[in-house]
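Dear colleague,

I am passing on the structure that I have been looking through, with notes on what turned up in it. Please read the notes with the model open beside them.

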Amino acid sequence: VIIWQLRDKLRQALQLARYLRDVHQANVRVLGMWRQKPDREKLTDYLDRYQVPWEYLPYSWGQTRLTRVMRIIEYGLKIRRMKPDFILPYTMLPNVVCGNIWRLAGARGCIWNQRDEGRERQPLRWEQRAIRQTPCFISNSNHGAVFLSTALGAPVNRIHVVYNGIAQEAPEKTPAQWRANMGLPHEVFLACMVANLTAFKDHRTLLRAWKTVRDELNRAGKQGVLLLAGRPDEAVLAELKVLAYDLDLGRSVRFLGPVKDVSGLFSTVDLCVFSSKLEGVPNGILEGMSAGLAVVGTDIPGIREAVGPGGFECLACPGDVEALAAQVVRLALNQDLRSRAGAANRARIEKTFGVERMCQETVSLMLSTIASGGKCAVT
């Protein structure tokens, strides 16, 4: 049973689900733990690509201690009816809930999947109990592993870093179709950030930097457009649109909203950009690297882990508008440099962030947890 809460963290879980089904002939079920009922039509379209059965099984804590105890027991019994051999939660709420109920559910093991650097904290008592009960922890980044050990107190010998697996999916539209739909000729320089528009990201710094980028490109006789793709928090989106208006960015910035054809989008643009305050190892960068794009981003641990030492020179300090703009301009005006950086990025994805490697490492930890009788899986 795979349980997750946040839709943008779902792809890694589905890749593993498909691998378990196809390679190990496992009977896999995926459960969504949203607090609000999802848009089934949109989500079903996404999940059906992986042909994995799924259902909606919401969870909320309640306000009193007694209510919380009752709800977590009820949830464990619901999972128990599915007769799971193993439970794989993704993101903080599922990690904490499943860490508390996996034995009650009759599972032979459970792995905590840490997908960020420490957001969405849950009631402290239940976090601590889940940490004590969970036999194995996976983080998709080294600093996520540090969060597990220092902030949550997970034993270091039960924490394993398994990088995300990235597979380049077939584009649904060609670059020419993408540009035609946006009314942009082929000579326009396109930079793109793929990330949900939330307070955890730093689109504000990117917009301020883009004003400088646009002006520098205009002085060089070029036109540039920044594409912002991702599911928006409506309040954040409103603030960003006001900022773009105040900066007089006009049509040099496009808010695309959620994009299904991410592969097609990345095959169309010239540069991947990513401005954020906190990250695990962001898929919005890994997918750009997989498409052979150079990356300009914020110099924070998760992005450093993504691009590796070869990409450090293209990073700018958090909140540094001028440095971020300078990095974008440098790559925008030097196609050879972009091509070399993009080729190096693609090679790094193939070597370090392969889907099969991610799945094999996860399955190995699952098997070692089961073999140890649900005790800690130690390297």
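This is a predicted model: local features need pLDDT of at least 70, side-chain atom pairs count only at pLDDT 80 or more; totals for chains, interfaces and linings use all residues.

Residues are numbered from 1 along each chain as its sequence is written, and side-chain values use heavy atoms, with hydrogens and water left out. Helices (H or I, at least four residues) and strands (E, at least two) are DSSP runs, numbered from the N terminus.

The sheet

An open sheet of 6 strands runs in the order E10-E9-E8-E11-E12-E13, with parallel pairing, where two strands pair if DSSP finds at least two bridges between them. Strand E10 (253–257) and E13 stand at the edges with a single partner strand each, so one side of each is left without a neighbour in the sheet.

E8 pairs with E9 in the parallel sense over 6 bridges, and leucine 190 stands opposite valine 225 in E9. E8, H8 and E9 make a right-handed β-α-β unit; right-handed here means that, with the strands pointing away from the viewer, the path from the first strand over the helix to the second runs clockwise. E8 also pairs with E11 in the parallel sense, over 2 bridges, and in E11 the bridge partner of alanine 191 is leucine 271. Of the residues of E8, 6 of 6 are buried (under 20% relative accessible area, with exposed meaning over 50% and partly exposed in between, for a 1.4 Å probe and protein chains only). Phe189, Ala191 and Met193 point one way from E8, whereas Leu190, Cys192 and Val194 point the other way.

Further along, E11 and E12 pair in the parallel sense over 3 bridges, and phenylalanine 274 has glycine 297 in E12 as its bridge partner. The chain crosses from E11 through helix H11 (residues 283–290) to E12, and this β-α-β crossover is right-handed. E12 and E13 pair in the parallel sense over 2 bridges, with threonine 298 opposite alanine 316 in E13, and together with helix H12 (residues 301–307) these strands make a right-handed β-α-β unit.

Helix H13

Which residues of H13 are buried? They are Val321, Leu324, Ala325, Gln327, Val328, Val329, Leu331 and Ala332, and these buried residues pack against E8, helix H8 (203–219), E11, E12, E13 and helix H14 (335–352), contact meaning heavy atoms within 4.5 Å.

Two single residues

Glutamate 127, in helix H5 (residues 124–133), counts as buried at 2% relative accessibility. Not counting residues up to four places away in sequence, glutamate 127 touches Met92, Val96, Arg121, Gln122 and Leu152. Alanine 170, in the loop between strand E7 (159–161) and H7, counts as exposed at 65% relative accessibility. The C-alpha atoms of alanine 170 and serine 263 are separated by 6.6 Å, although these residues are 93 residues apart along the chain.

With best wishes
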